[in-house]
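Please read it alongside the sequence and the coordinates.

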Amino acid sequence: MRVLALDEEAAAVLEGFGYVTVVPTVEAALEELTDGRFDGLLIDASDSEGVGRLERIRDGGTSVPTVAFCGSDAAARTALDAGATDVVRIDSDAEGTLVGELAAVLERRDRDEADRHEEIADLSRRALEGASPAALLERATALVADALGVDSCGAFELTPAGTLVLREGVGWEPEAIGDLTIEADERSQAGRALRSAEPVVADLGTEARFGRTEPHVSRGAESGISVVVGSVESPWGVLGAHATDRRTFTESDVSFVRSVADVLGGAVDRERPFDTELEEVYGRVTDAFFGLDEEWRFTFLNERAEELINPVDADLVGEEIWKAYPEAEGTKFEDEYRRAMDEQTAVTFEEYYPEPLDAWFEVSAYPSETGLSVYFCDVSEQRRLESELEEVFSRITDAFYALDTEWQFTHVNDRAEQLIDYESEGLEGKQIWETFEYAADSVVREEYEEAMATQEPSSFEFYYPEPLDGWFEINAYPSETGLSVYFDEITERKEHERELELFRGLLDRATDAIYVNDPETGEFLDVNETATRHLDYAREELLGMSVPDIDERVPDRQAWRSLVEEIRAEGRLTVDSVHRREDGSTFPAEVNASYIELEGGREYVVAVGRDVTERKERERALREERDLVERIVGTSPIGIVTLDADGEFDLVNDRAEEILGYPGDLEGFAGSTDAFDPVRPDGESLTLEETPTHRVLVEGETFYDVEMGLRPPGRDRVWLSVSGAPLYDGDGTTAGGVITFADVTERTLATTELRRRIDQQAAAARIGQLALGTDDLDAIFLEASEVVASVLDNEYCKVLDLDAGRRELLLRQGVGWRDGIAGSATVAADDNSQAGYTLLSEKPVIVDDLDAETRFSGPELLTSHDVVSGISVIIGPPRTRGGSSALMTPSAASSPRTTRTSFRASRTCSRTRSTGSGASGSSSATRRSSRR
């Protein structure tokens with residue numbers, strides 16, 4: 001078989017097979033097809049340009065079978081409409097499919113040819129057996145109409161009047177037989193056929209040689225074949241076949257009609273001798289033909305038979321076939337010929353005859369009582385093609401099998417046997433529905449039968465249970481002779497698809513958008529459903545877009561490439577961006593992008609995008625709230641500090657710094673009870689457990705308005721009203737605390753001073769009551785010393801009595817002094833002592849620090865008791881010169897301090913330094929007696 005391929009692309013499908021000839025243009029194809037060397041034409045009709053070339057080929061009048069290959073069902077239908085004999089869908093195995101289809105086309109052609117040979121032979125036998133001309137004409141017109149599939153066929157006899165009358169026909173009204181006439185001049189197709197030795201083939205819509213005449217006009221004929229019956233010199237009439245559609249008749253169609261006309265021509269010419277008539281009939285048969293008598297002698301060979309089996313031009317008529325062709329004995333030739341004669345049944349077979357013929361023949365033999373009529377043709381080329389097809393099938397990597405119209409396996413390649421021949425017995429010749437019973441009642445049968453009925457390819461997937469237990473992808477390509485099936489097991493792929501489907505479902509249900517991008521172009525290769533919802537695009541729309549189309553941070557491809565380089569360098573990158581929806585609105589997005597390189601070098605950028613609109617709003621609200629809180633805290637009239645769980649300061653407002661100092665100083669407040677000397681209102685020191693930080697952070701306590709005193713380093717004590725509360729994290733764990741405090745120093749001191757004044761007034765009143773109720777001065781002096789020391793919170797107090805000579809002061813009574821001092825100790829009354837200085841100055845004398853005093857020195861009585869500070873006041877009015885007086889001196893034995901004085905009470909106050917032994921002093925007070 002020789003195939004002509006139009007353009008290189010078509011030829012590439014069958015590259016490597018020597019029987020393909022390539023031409024570049026339609027014109028070149030038409031020129032090559034004129035000499036009949038090619039058995040088929042192959043053309044690419046996958047686009048409009050290819051369909052146009054196909055139409056031009058058909059318009060050129062060629063009858064060669066044409067197979068068009070294309071990529072879709074729609075394109076296949078278009079190609080058929082344009083005149084293709086058959087179409088092939090090209091997908092995974094273009095070569096195997098196309099070769100199989102070409103083989104099917106040629107197989108149909110050969111089968112049709114064989115059927116036509118048999119019909120001609122039958123018609124010839126009827127003629128030889130004396131069938132009437134009317135019967136032969138009726139049979140002949142029916143044969144032609146059926147074989148060509150035309151709407152009408154008629155046998156028209158030439159009358160002496162020069163017209164043609166319809167004698168027999170198919171597709172005509174009964175009353176037209178014997179009555180309908182047409183003109184026989186050259187203005188009609190029939191008239192031209194009478195004058196032509198060759199059949200006249202016409203497209204009546206475009207025909208320019210003659211016009212469209214009745215009765216074909218009224219019957220809507222568009223195309224037809226007309227052949228002279230008899231010789232041109234002495235014609236009987238015309239055999240005509242017509243179709244109501246535009247039809248491209250093949251060479252085989254034309255040859256068949258001419259052969260039928262030849263048989264009729266010999267039969268109707270009864271005046272010729274029988275042998276001459278028979279010889280002429282058989283001579284006109286275009287296929288190879290020879291006749292044998294009952295003695296196996298050749299009685300006749302037509303010209304084509306002489307060409308095929310008589311290369312030495314021997315005289316074979318009268319020669320016995322077994323002597324002329326001894327190699328035929330013992331082969332199918334002898335077996336089948338003898339069976340035909342013995343059983344009087346027609347036989348058809350193929351057999352090879354060696355040298356000198358060296359050819360395969362397809363033979364049809366028809367017996368009669370007088371001999372055998374043998375029609376045959378050389379099928380060597382077809383056999384070669386079949387061998388090549390077997391080679392092609394063996395090279396097809398997909399599993400392949402072929403079914404005939406009875407659903408029997410005609411071919412099964414090795415891969416198919418591996419997959420579905422579970423019994424390893426071979427499948428060829430078996431019926432598919434009997435072998436695979438499960439498939440007989442499944443989608444497989446539905447698809448196969450639909451494909452055969454519509455002659456449209458079918459593709460589907462199918463699961464076959466035990467014993468195959470697998471998924472199969474099936475592609476079925478129908479033809480008139482059966483079905484070509486390509487399939488492969490896809491069980492593993494289906495499992496992967498299920499896994500991918502599950503994974504895809506998880507991706508689509510993810511709350512974040514997921515994008516897969518081409519690193520070079522930024523194009524979206526895949527997106528999940530969340531991405532489409534975020535951006536308000538359909539998935540198909542997004543897959544035609546790229547990152548710059550939706551990301552304002554990446555305005556163009558150059559920006560995308562720069563970003564990709566950054567991602568590639570880091571491996572993973574998180575960026576804040578702004579994404580743009582389909583309607584132009586935007587939203588903030590946080591994008592986590594990764595660079596991924598798979599096996600095989602495929603690279604991708606996978607990004608997870610999160611719509612952070614709500615988070616940004618929360619952050620903005622929190623910032624505003626924090627700013628508001630900071631402004632409130634910053635301008636608050638009270639001190640505010642916050643601490644973390646470890647007691648470290650998070651926030652200290654300005655007022656807290658003003659009250660207690662800077663945060664560096666406040667660290668002592670948080671962690672120590674000593675640095676600030678914290679005391680309760682009663683003056684007692686706070687324990688660690690009583691400190692605000694401990695109560696808040698350790699005990700988790702909330703408290704309000706707790707008053708305490710602190711002494712910042714280098715500063716006077718301040719009094720605070722403190723409140724505190726713990727802060728918790730999300731799971732209820734203490735995460736820190738807040739402490740607030742107000743400076744209430746002035747209020748506390750004023751309250752203390754008021755209380756002191758009240759205590760002083762009460763003490764003075766008590767002493768006054770005592771003085772009014774007794775004349776015992778020592779009792780009065782002792783009571784006064786005790787009261788003054790208590791009210792002033794001093795360690796010592798004494799009453800000194802001035803002697804008559806004004807030289808000494810006797811410690812008359814006191815508290816805090818060592819035993820034996822009262823009534824015996826004296827102090828000089830000169831200006832070198834505080835007491836003497838007081839008498840001389842005649843006003844109270846205050847000493848803040850006796851060691852630093854420059855007006856006088858401290859007497860031994862005071863220094864021996866570590867007195868540091870004190871007050872001295874005169875008791876009673878100053879005495880006149882030579883008189884006497886007394887002094888009260890409260891003293892303190894602690895660090896130097898400022899001593900507050902009440903001039904409404906006549907007393908002195910002193911403090912002493914504490915000694916290492918902790919011994920307490922004593923005090924006394926002296927009052928001048930009115931009797932002295």
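1. A residue is called buried when its relative accessible area is under 20%, and exposed when that area is over 50%. The model under discussion is a predicted one. By this cut-off, the buried residues of helix α3 are Gly-50, Val-51, Arg-53, Leu-54, Ile-57 and Arg-58. These residues lie on the same side of α3, because they cover an arc of only 160° around the axis. On the face turned away from that buried side, α3 carries the exposed residues Ser-48, Glu-49 and Asp-59.

2. What covers the buried residues of α3? The cover includes the strands β1 (3–6), β3 (40–44) and β4 (66–70), together with the helices α2 (26–33) and α4 (73–81). The length of α3 (residues 48–59) also agrees with expectation: at 1.5 Å a residue, its 12 residues should span 16 Å, and the end C-alpha atoms are 16 Å apart. Just after the helix, Gly-61 adopts a positive phi of about 90°.

3. For the protein chain as a whole, 48% of the 932 residues count as buried. The chain has 29 helices and 38 strands. Among contacts between residues at least 6 apart in sequence, 51% join residues at least 24 apart. The accessible surface comes to about 46,100 Å², and carbon and sulfur atoms account for 46% of that surface.

4. Strand β27 (residues 639–644) is largely enclosed by the rest of the structure, since five of its six residues are buried. It is joined to strand β31 (residues 734–743) by six bridges, and the two run antiparallel. In this pairing, Gly-639 stands opposite Phe-741 of β31.

5. Strand β27 also pairs with strand β28 (residues 649–652), in the antiparallel sense and over three bridges. Here Leu-643 stands opposite Phe-649 of β28. The hairpin formed by β27 and β28 has four residues between the strands, and within this hairpin Gly-647 takes a positive phi near 90°.

6. Is Thr-532 buried or exposed? With a relative accessibility of 9%, Thr-532 falls under the 20% cut-off and therefore counts as buried. The residue is located in helix α19 (residues 529–535). Its side chain reaches the backbone oxygen of Glu-529 at 2.5 Å. Leaving aside residues up to four places away in sequence, Thr-532 touches Val-527, Tyr-537, Ala-538, Arg-539 and Leu-542.

7. Some backbone angles deserve a check against the displayed model. Most residues other than glycine have a negative phi, and most peptide bonds are trans. Asp-313, which is not a glycine, has a positive phi of about 60°. This residue lies in the loop between α10 (303–309) and α11 (321–324), and it is exposed, with a relative accessible area of 64%. Trp-407, also not a glycine, has a positive phi of about 65°. Its place is in the loop between β17 (399–404) and β18 (409–412), where Trp-407 counts as buried at 15% relative accessibility.

8. Pro-467 is found in the loop between β19 (458–464) and β20 (470–479).

Note on methods: Residues are numbered from 1 along each chain as its sequence is written. This is a predicted model: local features need pLDDT of at least 70, side-chain atom pairs count only at pLDDT 80 or more; totals for chains, interfaces and linings use all residues. Side-chain values use heavy atoms; hydrogens and water are left out. The expected span of a helix is 1.5 Å times one less than its number of residues. Buried means under 20% relative accessible area, exposed over 50%, partly exposed in between (1.4 Å probe, protein chains only). The arc is that of the directions from the helix axis to the C-beta atoms. Contact means heavy atoms within 4.5 Å. A polar contact is a pair of N or O atoms within 3.5 Å; within protein, one must be able to donate a hydrogen and the other to accept it, and residues adjacent in sequence count only if both atoms are side-chain atoms. Accessible areas come from the Shrake-Rupley method with a 1.4 Å probe; for residues, only the protein chains shown count as cover. Two strands pair if DSSP finds at least two bridges between them.
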